[in-house]
Amino acid sequence: TILLKGARVFEFEQISHLLEEKTHQTVLEVNLNAVTHNLNVYKQMLGPTVKLMAMVKAFSYGSGSFEIANLLQFHHVDYLAVAYTDEGVELRKAGITLPIMVMNAEEVNFDMLVAYNLEPELFSLGILNNFEAYLKQAGITHFPVHLKLDTGMHRLGFEEKDIDALCNALVATQVFKVQSVFSHLAASDSARHDDFTKAQAASFLKNSKKIKSIIGYSFICHIANTAAIYRHKNLQLDMVRLGIGLYGAGADEFVKQQLKNVTTLKTTISQIKKINQGESIGYGRRAVADADMVIATVRIGYADGYPRILSNGIGKMLINDIPAPVVGNICMDMTMLDVTGLNVQEGDEVIVFGRNLTVNKLAALANTIPYEILTGISQRVKRVYFEE
């Protein structure tokens, strides 16, 4: 690690460029101050005793695994959550010591869970029995686990009909220590599904209370995801799970106004060409110039995570804060923009999304959600972190 410290006016990035392994000019800039700000926005909404679990799965929603987890550890969040064991192992190897819940543990990785002190989510009698057998063979008792209840999401989790069998399995063994019982709200961001959310909450509270009474000790209860932190404050319970809001996207409109943009995806212009009327552009000749025009080819394509559905006029990028529409089909590594009438040069910076063209807006153009855009940014795109 090499520290280059100085004001931006000194342009130390010229030095850093000489030292970098990745020199691809498509870059995702991550503002760590904005992450801290967003974390504090949500912390201020919590009750005085409510804990916070931060979601850092999927490479922290594309923003970087260790870098985000390290910041969250510095600011004393209570828990981290990852989707798979490998993600947790990577964080442990990088020096993260916070408790980490693994949401989709697999039998082949039980040894890694134990070796790296990772806490699995148990969501079925099958995985519970298999993990119990592994722990017994290893002579391990009171290993921390989290129980997932399915209250209507119908993805993973114990259903109501499984609760008695679950409780019987828990009281019959000493290998587990239940750290938390939780469930996932299917539509906490939608007012028209509030009755369904209330039904999920009622089912969860009933069954978590039953588990507690049978196993004879307390544990953390959590059901509130990002949207529910604000929209269903009565469901904050013992802990909340903060995900997309931490990264400045996908939040309720009122909350969104308080959040700061975290990520800026930028690239540069490779070449500028003049196109005559009637000439075609790109694969499949999808675009044909109806007048003389100027196009710019930029260094980003669908292999970098720029969705191909944004081809041919649907998507746009910003050059000097002016929108430049995508023209023709997006290629694997390149995209063409209509820059007719703009004052542009080869090498100029192009904003794919950021503060003035948010990832929420880009997702809407692509008919998807910001989660998919953020997590789809390729690993070949260099991440650069800023913190003042």
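Which residue forms a salt bridge with K206, and how far apart are the closest N and O atoms?

**View 1. The salt bridge of K206 with E160.** In this predicted model, local features need pLDDT of at least 70 and side-chain atom pairs count only at pLDDT 80 or more, while totals for chains, interfaces and linings use all residues. Residues are numbered from 1 along each chain as its sequence is written, and side-chain values use heavy atoms, with hydrogens and water left out. The partner of K206 is E160, with 2.4 Å between the closest N and O atoms; a salt bridge is a side-chain nitrogen of Lys or Arg within 4 Å of a carboxyl oxygen of Asp or Glu. K206 belongs to helix α9 (residues 194-215) and E160 to the loop between β6 (143-149) and α8 (163-171), so the contact ties together parts 46 residues apart in sequence. Helices (H or I, at least four residues) and strands (E, at least two) are DSSP runs, numbered from the N terminus. E160 is partly exposed, at a relative accessible area of 42%; buried means under 20%, exposed over 50% and partly exposed in between (1.4 Å probe, protein chains only). The whole structure holds 10 salt bridges.

**View 2. R380 in salt bridges with D304 and D333.** The side chains of R380 and D304 meet at 2.7 Å, N to O. R380 lies in the loop between α13 (370-375) and β18 (382-386), and D304 in the loop between β13 (293-298) and β14 (316-319), so this pair ties together parts 76 residues apart in sequence. D304 is buried, with a relative accessible area of 0%, whereas R380 is partly exposed at 33%. The salt bridge of D333 with R380 also has its closest N and O atoms 2.7 Å apart. D333 is located in the loop between β15 (322-325) and β16 (335-338), so its pairing with R380 ties together parts 47 residues apart in sequence. D333 is partly exposed, with 32% relative accessibility.

**View 3. An open sheet of 8 strands with parallel pairing.** The strand order is β8-β7-β6-β5-β4-β3-β2-β9; two strands pair if DSSP finds at least two bridges between them. At the edges are β8 (220-222) and β9 (239-242), each pairing on one side only. Strands β3 (residues 79-82) and β4 (residues 100-102) pair over 3 bridges in the parallel sense, and V82 stands opposite V102 in β4. Helix α9 packs on the sheet and touches β6, β7 (176-183) and β8, where contact means heavy atoms within 4.5 Å.

**View 4. Aromatic pairs Y61 with Y247 and F131 with F143.** Rings of Phe, Tyr and Trp (its six-membered ring) pair if their centres lie within 6.5 Å; planes under 30 degrees apart count as stacked, over 60 as edge-to-face and the rest as tilted. The structure holds 9 such pairs. The rings of Y61 and Y247 are stacked, because their centres are 4.8 Å apart and their planes at 20°. Y61 in helix α3 (residues 57-61) and Y247 in the loop between β9 and α11 (253-256) are 186 residues apart, and both are buried. For F131 and F143, the centres are 5.6 Å apart and the planes at 80°, so the pair is edge-to-face. F131 is buried, at a relative accessible area of 0%, and F143 is buried at 6%. One aromatic cluster consists of F110, F131, Y134, F143 and F176.

Technical notes:
Axes are lines fitted to C-alpha atoms, for helices over the stretch in contact, and angles run from 0 to 180 degrees between N-to-C directions.
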